[in-house]
Amino acid sequence: MAERVPIWEKVLLTLEEAASYTGIGINKLREISNKEDCSFIIWNGSKRLFKRAKLEEYLEKSYSI
């Protein structure tokens, strides 16, 4: 059986994991990540994955979302 990696150690997070990790709603994360200049998203086909470290960096610099 595959070993589970704790969410805070993952490099990439799904939309649901990112919402759980940050406390930001799924709809707000979709809105933010739909922007063309979004630097913390990587696409796997039609699946959006969040680069955890870059997302944390973005949130650290943000005053409001």
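Predicted model: local features only at pLDDT ≥ 70, side-chain atom pairs only at ≥ 80, totals over all residues.

Colleague: Why is Arg30 called partly exposed?

Modeller: The band for that label lies between under 20% for buried and over 50% for exposed. Arg30 has 34% relative accessibility, so it counts as partly exposed.

Colleague: And how far apart are Arg30 and Leu13?

Modeller: Along the sequence, Arg30 and Leu13 are 17 residues apart, and in space 13 Å, from C-alpha to C-alpha.

Colleague: Staying with helix α2, which of its residues are buried?

Modeller: Helix α2 covers residues 26-33, and Leu29, Ile32 and Ser33 are the buried ones. Looking down the axis of α2, these buried residues fall within an arc of 90 degrees, so they line one face of the helix. As for what covers them, α1 (15-22), β2, β3 and α3 (52-61) are included.

Colleague: How do you know that Glu31 and Lys28 form a salt bridge?

Modeller: The cut-off is a Lys or Arg side-chain nitrogen within 4 Å of a carboxyl oxygen of Asp or Glu. For Glu31 and Lys28 the closest N and O atoms are 3.5 Å apart, so the pair passes. Glu31 and Lys28 are 3 residues apart in helix α2, so about one helical turn separates them. Both are partly exposed: Glu31 has a relative accessible area of 46%, and Lys28 has 28%.

Colleague: What other salt bridges turn up, and how many does the whole search find?

Modeller: The search of the whole structure finds 4. Among them, Glu17 and Lys10 meet with their side chains at 2.5 Å, N to O. Lys10 is partly exposed, at a relative accessible area of 23%. Another one joins Glu57 and Lys61, at 3.8 Å, N to O.

Colleague: Why does 3.8 Å still count for Glu57 and Lys61?

Modeller: Because the limit is 4 Å, and 3.8 Å falls within it. Glu57 and Lys61 sit 4 residues apart in helix α3, about one helical turn.

Colleague: Are Glu57 and Lys61 buried, partly exposed or exposed?

Modeller: Glu57 has a relative accessible area of 40%, so it is partly exposed. Lys61 reaches 69%, and with exposed meaning over 50%, Lys61 counts as exposed.

Colleague: Now the strands. What makes β2 and β3 a pair?

Modeller: Two strands pair if there are at least two bridges between them. Strand β2 (residues 41-44) and strand β3 (residues 47-51) have 4 bridges, in the antiparallel sense, so they qualify. One of the bridges links Asn44 with its partner Lys47 in β3. With 2 residues between them, β2 and β3 form a hairpin, and Gly45 in the turn has a positive phi of about 70 degrees.

Colleague: Last one: which residues form the nonpolar patch on the surface?

Modeller: Val11, Leu12 and Ile42 form it, with about 250 Å² of accessible area together. Take Leu12, which lies in strand β1 (residues 12-13). Patch members need over 30% relative accessible area. Leu12 has 34% relative accessibility, so it clears that cut-off, and it counts as partly exposed.

Notes: Residues numbered from 1 in each chain as written. Heavy atoms only, no water. Buried < 20%, exposed > 50% of the residue type's maximum accessible area, 1.4 Å probe, protein only. Arc of directions from axis to C-beta. Contact = heavy atoms within 4.5 Å. Patch = residues over 30% accessible without salt bridge, like charges linked within 9 Å, V, L, I, M, F, W, Y side chains within 5 Å. Areas by Shrake-Rupley, 256 points an atom, 1.4 Å probe, with all protein chains shown as cover.
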